[in-house]
Amino acid sequence: MHESPTMNNGRIARDAAQASPFEGLQAFQASLLERMEAASSEQSYTRRLAVLIGDVPCLVNLAEAGEIIPLSTLDKVTRVPLTLPWYLGLANIRGNLVGITDLAMLAGAPPQVAAPASRVLVLSPTLAPNCGLLLASVLGMRQIYDMKEISKASDGDLKIPGVMRHHKDSEGTEWRELSLVSLLNDDRFLHIGR
């Protein structure tokens with residue numbers, strides 16, 4: 001038995017009506033997922049690791065940072081002969097020798113004193129797998145879009161190599177945004193020998 005064109009059109013309209021809410025839900029979910037991924041990538045682009053280098057608040061891009069290790073867990077930092085005082089030496093971190101630098105001391109501040117909050121920030125393996133920076137402490141995460149970019153921090157002559165921008169947060173704290181890529185191209189940082 002053949003169906004009449006009217007019956008056929010009715011079935012098509014009914015099938016379209018049944019599929020429409022499902023397709024609409026799929027489109028909504030896909031749109032929502034795209035917006036969430038865009039917001040997540042934007043947040044990761046603007047999110048920074050907040051640290052103290054000496055007593056200077058700094059921001060580090062998460063993509064450039066590797067791991068953070070408590071200084072107290074390292075067995076020993078071995079001095080390397082004929083190196084400048086800000087190059088603290090080598091530490092064995094899970095079988096890898098990592099050179100540790102006191103960036104604050106390199107910039108002209110007094111040496112950082114080891115404390116329970118002291119950490120070593122190992123740079124991302126894609127940048128320099130055997131390089132670490134001594135941190136006075138880790139302060140958590142900060143969003144740079146919540147801050148105002150300023151021309152220069154008002155802290156005198158301390159020039160930390162690798163600083164690209166200065167920011168001020170809503171509480172008045174001045175932050176230095178540190179580019180580890182720029183740091184690895186800084187002549188002062190690269191020449192550790194006396």
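Which residue takes a positive phi in the hairpin of E11 and E12? I found glycine 172, with phi near 90°. The hairpin has 5 residues between the strands.

Before going on, I noted the ground rules. This is a predicted model, where local features need pLDDT of at least 70, side-chain atom pairs count only at pLDDT 80 or more, and totals for chains, interfaces and linings use all residues. Residues are numbered from 1 along each chain as its sequence is written, and side-chain values use heavy atoms, with hydrogens and water left out.

Next, the pairing. Strands (E, at least two residues) are DSSP runs, numbered from the N terminus. Two strands pair if DSSP finds at least two bridges between them. I see E11 (residues 163-168) antiparallel to E12, with 5 bridges. Histidine 167 stands opposite tryptophan 175 there. E2 (residues 56-61) runs parallel to E12 and is joined to it by 3 bridges. Leucine 59 has glutamate 177 as its bridge partner in E12.

Then burial. Buried means under 20% relative accessible area (1.4 Å probe, protein chains only). E12 is largely enclosed by the rest of the structure, because 4 of its 5 residues are buried.

Last, I picked leucine 178 in E12 (residues 174-178). Leucine 178 is buried, at 2% relative accessible area. I checked its contacts (heavy atoms within 4.5 Å). Beyond four places in sequence, leucine 178 touches residues including Ile53, Leu59, Leu103, Leu133 and Ile160. Histidine 166 lies 12 residues from leucine 178 along the chain, and their C-alpha atoms are 9.1 Å apart.

Conventions: Buried < 20%, exposed > 50% of the residue type's maximum accessible area, 1.4 Å probe, protein only.
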